[in-house]
Amino acid sequence: MKHFISARLILTFFLVLSLAFAGYSIYYKIKYWGFSISPRQNANVWAIEAHINFLADGSPIKVSLGIPRKNKGFKILEENVIANGYNTQKYDDRIVFRTKNMIGEQDLYYKIIVFDNITGKDKLKDTAPKSPSLPDMDEQQLAQARQIIKLSASMPGDDTAEKLVNFFNQEPLHPALKSYLPVQYTPAVKLKIMQDILAVEGISSRTARGLRLEEGQKITPDLMLEVYIGGAWRIYDPLTGKRGLPDNFLLFQRGGKSLLDVEGGTGSSVKFSLQKSITSTMNLASQRAKQSKKAGWFDYTIYNLPLAQQNTLKWLSVFPLGILLVVLMRNIVGVQTMGTFTPMLISMSLVKTGFATGLICFVAIVIMGLIIRFIMSKLNLLLVPRISAVVIFVILIIHALTFIGYNFDIKIAQASVFFPIIITAWIIERASITWEEDGPVNAGKELFNSLLVGVIVYFVIANDYVRHIMFVFNELNLVILFIVMLLGTYTGYRLTELKRFAPLVKKVN
């Protein structure tokens, strides 16, 4: 008794440790490698191309383009530059092209591929700015700006900036604001006026440019307003008054600098093109690991193996779960099967053949094999030759079913080739021996139970979600190992044995 108690305590301790390890490992893979529970989880990958065009006048050329800075909102998968005859130099938030002796139309391309875009964020991390200087205004303009701030205080919003943006976007415009704005103004002018008014209140702000991730031929960046309030940068859409990044929006540039500066040319413009592709989260796992600086562990995992080996290991990873089900059915439920793991092998065969076709083939092969086995029992053969003869007969039966299936286009017969020959022959031999020793009822019961448990295991391991989870989070097999070992210490009644106590329950009632 003490031996069983100590064994259970030790196994329980290791089970708890394995659960803790599996929990942390799963969290690590989801957070840093981007793994998911769903086998069909995909990620959007965006190719963004900036096309710079201008006319060179023959003088030295310097082209400066604002580019995305490192940001947790997205990750850069690839970065390319096409600029024949130009020297390029990349800075934190800009890329600069330089060359000499160019005349005529010039085309430069900057392309990035990004993934894992996070949308809808309200606060954006960045360094705190210096206090803004008072804008160049006369006393009248300064008084009007302060009046606009005062009037905007009644607008909905959580802070001064949000209220001001909503005040600028109300319809119709307030007379005080209408008289302050120019007769004709662009979104950029409107944004600059908002920044000046905020500067009057001592609030730092800056311009941001972003791209809506929608496929199209040519798109232009959207202007956004960033305001430093409450110790963090908050972003607003100056056209709608909404706070936070819009859905599917990529911040391309942050700061007050221009998007494009060209020296040595005229008629400059920059146009953006976007193209979306969809890929599996598994395919991006190595890139996510590199971006999060966790690539060291990833390099020594099975996910770096060729796909052929990964597919093999995917099936091996789900075996322990099937084994656990067999152990539960035998040791806890008390179902007597034909051999210990025969149901597991049956279920694997059903996965290869398909459920209905495999079931029909298995029953047909076993019935024909039993008939042949009973015929051979009259010959009084020794054990090894008898089993060998059964194996050969099973092979001949599979040959016949495959030939018939091919010629008559019967897929059921063709599926027979996927059944393990030796295991099928051994099932036939075991069933015939049980028939002779314990009668046909017990033999039929064991065959039925083996097939029943095999079907139950099949429906578990054939599930795409189960196979995906057991492969991606294969540390769960360590948990299954200690559960199986812990079940090995169980010496109580099986569920099927409890029926023996049914008369006692009736007497009590």
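**Exercise 1. State the handedness with which H3 passes H5, and describe the contact between these helices.**

Step 1. H3 passes H5 in a right-handed crossing, right-handed meaning that the near helix is turned clockwise from the far one by less than a right angle. Helices here are DSSP runs of H or I with at least four residues, numbered from the N terminus. The model is predicted, so local features need pLDDT of at least 70 and side-chain atom pairs count only at pLDDT 80 or more, while totals for chains, interfaces and linings use all residues. Residues are numbered from 1 along each chain as its sequence is written, and side-chain values use heavy atoms, with hydrogens and water left out.

Step 2. H3 (residues 160–168) and H5 (residues 187–200) pack at about 140 degrees, with axes 11 Å apart. Axes are lines fitted to C-alpha atoms, for helices over the stretch in contact, and angles run from 0 to 180 degrees between N-to-C directions.

Step 3. This angle makes H3 oblique to H5; angles under 35 degrees count as roughly parallel, over 145 as roughly antiparallel, 65 to 115 as roughly perpendicular and the rest as oblique.

Step 4. Ala-161, Leu-164, Val-165 and Phe-168 of H3 meet Lys-190, Ile-193, Met-194, Ile-197 and Leu-198 of H5, where contact means heavy atoms within 4.5 Å.

Step 5. The contact of H3 with H5 has 8 nonpolar, no polar and 1 charged residues. Ala, Val, Leu, Ile, Met, Phe, Trp, Tyr, Cys and Pro count as nonpolar, Asp, Glu, Lys and Arg as charged, and the others, Gly among them, as polar.

**Exercise 2. Work out how H8 and H15 are oriented to each other.**

Step 1. Between H8 (residues 307–333) and H15 (residues 464–472) the angle is about 100 degrees, and the axes lie 8 Å apart.

Step 2. H8 and H15 are therefore roughly perpendicular.

Step 3. The residues in this contact include Trp-315 and Leu-321 of H8 and Met-470 and Phe-471 of H15. By class, the contact of H8 with H15 divides into 7 nonpolar, 2 polar and 2 charged residues.

**Exercise 3. Check the span of H9 and decide how far the rest of the structure encloses H9.**

Step 1. The 12 residues of H9 (residues 342–353) should span 16 Å at 1.5 Å a residue, and the end C-alpha atoms are 17 Å apart, which agrees. The expected span is 1.5 Å times one less than the number of residues.

Step 2. In H9, 10 of the 12 residues are buried, so H9 is largely enclosed by the rest of the structure. Buried means under 20% relative accessible area (1.4 Å probe, protein chains only).

Step 3. Among the buried residues of H9 are Pro-343, Ile-346 and Leu-350.

Key: Helix = DSSP H or I, 4+ residues; strand = E, 2+ residues; numbered from the N terminus. Buried < 20%, exposed > 50% of the residue type's maximum accessible area, 1.4 Å probe, protein only.
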